Every structure is written in C-alpha cells, then in structure tokens.
Amino acid sequence: MTELWDIYDSDRNPTGRVEPRGSLVIGDYHLVVHIWLMNEKGEILVTQRAQNKPWGLFWETTGGSVLAGETSLQAAVREVREEVGLELDPAQGILIDSARRDRDFLDSWFFQGRLRLYDLKLRPDEVVDAKFISREEYDHMRRGCMFVPTQPDFFQLYDIRLKNR
C-alpha cells in the first residue's frame, strides 16, 4: 500500500494536497518525526536500521513520515508502536524541536519512562537491533559516524529544551 502524505508549503502551511510518497516536487514539503525515548537511567533508545534500507545498519532513533490525516504526535506514537512495539501515552510526549529541512519539516519528540529492552518487539524489515545508551556512548557513536547522517544531535536539543524545565 502506498504511503500518502499531506503536502505543506515552505512556511508549513497545509496546501490541501495529498501526494504519494516519492512524488514531491520543488516547493513541496511533508512532515517527518524522530522520537527520542529515555529510560529512568537517562539512557536513550537507539535502533539499528535493517540492512536493506537506505543507511542500512546505521543507528538512529525511531522515526518516519507523518501519514496523510495524522498529526505529528499521532505519527510519533504510531512509528514507535510499528518499529519497536511500545505503546506510548501521547500525553507524555514533549515536542523538543521543529525544523525545516530541504524537503520536509522534522519534529523531534521526547518521551521518558520505565522502558526495558525486553518489552521491545522489533520489526525486522525496519530494525535489526536496539539498545539503550548513555550520553558518553551516544557521543562516541556520533564521533564514529555510526548514526544516520540526518539524525539531529539529541543531547544538544535536550540541553537547550529540557534540562532546565
């Protein structure tokens, strides 16, 4: 089944158009979400992409495109459920950043709670591994270019938006 996306202009105004994935033209934008999940130890969940995907075997956080008719938050909850099998409470989501990129708007969501690896149900066509990592491990992986290059720097966002809330 083809993914359908709501199309936005460069100021994030809805155009009223819905287009299938892969059919954006110059000036079209769609919404994308990244979801940062932190356990009670302050570690974040990272997942390793399936080998057959672009940037296969690189690490990232859960994320994906917002489908037509969905809000950014609804997409964040859906993506986590689909890729790692966790049910999130939307009321716990905190939007920590929203940025316009070349062809999309990226919303970064943050959820914190009692999360365990054994609760995950990885979808093998999307994710082949998952782990919780400390800030030090995260920095080491970033320096080693182990993350998908489009992945924003979580701890920079965390320090700016959440640390002193």
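**Loop residues, strand pairing and nonpolar cores**

Leu57 is found in the loop between strand E4 and strand E5 (59-60), and in this predicted model the residue has a phi near 70 degrees, which is a positive value in a residue other than glycine. At a relative accessibility of 36%, Leu57 counts as partly exposed, because its value lies between the limits of 20% for buried and 50% for exposed residues. A positive phi, near 55 degrees, is also found in Cys145, again a residue other than glycine. Cys145 belongs to the loop between helix H2 and helix H3, and with a relative accessibility of 57% it counts as exposed.

The strands on either side of Leu57, E4 and E5, pair in the antiparallel sense over two bridges, and within this pairing Gln48 stands opposite Trp59 of E5. E4 also pairs with E9, in the antiparallel sense and over six bridges; here the bridge partner of Thr47 is Ala130 in E9. Six of the six residues of E4 are buried, so that the strand is largely enclosed by the rest of the structure.

The loop between H2 (135-143) and H3 (154-161) also holds Gln151, which, with a relative accessible area of 4%, is buried. The side chain of Gln151 makes a polar contact of 2.9 Å with the side chain of Thr61. When residues up to four places away in sequence are not counted, Gln151 touches His34, Trp36, Trp59, Glu60, Thr61 and Arg142. Trp59, named here among the contacts of Gln151, is the residue that Gln48 stands opposite in the strand pairing described above.

At the start of H3, a side-chain oxygen of Asp153 reaches to within 3.2 Å of the backbone nitrogen of Phe155. Phe155 is itself one of the buried residues of the helix, the others being Phe154 and Leu157. Seen down the axis of H3, these buried residues fall within an arc of 155 degrees, so they line one face of the helix. The surfaces against which the buried residues of H3 pack are provided by strand E3 (30-38), strand E4 (44-49), strand E7 (94-100), strand E8 (104-112) and helix H2.

The largest nonpolar core comprises 22 residues, of which Ile35, Leu37, Val80, Leu86, Leu88 and Phe111 touch the most other members. Two or more residues are given to this core by each of E3, helix H1 (72-84), E8 and strand E9 (127-133), and H1 gives the most, with five residues. For Leu37, once neighbours within four places in sequence are left aside, the contacts are Glu43, Ile44, Leu45, Val80, Leu86, Leu88, Phe111, Leu115 and Phe132. Apart from this core lies another, of 14 residues, which includes Ile44, Ile96, Ile133 and Phe147.

Definitions and conventions: Residues are numbered from 1 along each chain as its sequence is written. This is a predicted model: local features need pLDDT of at least 70, side-chain atom pairs count only at pLDDT 80 or more; totals for chains, interfaces and linings use all residues. Side-chain values use heavy atoms; hydrogens and water are left out. Helices (H or I, at least four residues) and strands (E, at least two) are DSSP runs, numbered from the N terminus. Buried means under 20% relative accessible area, exposed over 50%, partly exposed in between (1.4 Å probe, protein chains only). A polar contact is a pair of N or O atoms within 3.5 Å; within protein, one must be able to donate a hydrogen and the other to accept it, and residues adjacent in sequence count only if both atoms are side-chain atoms. Contact means heavy atoms within 4.5 Å. The arc is that of the directions from the helix axis to the C-beta atoms. A nonpolar core is a set of buried Ala, Val, Leu, Ile, Met, Phe, Trp, Tyr and Cys residues joined through side-chain atoms within 4.5 Å. Two strands pair if DSSP finds at least two bridges between them.
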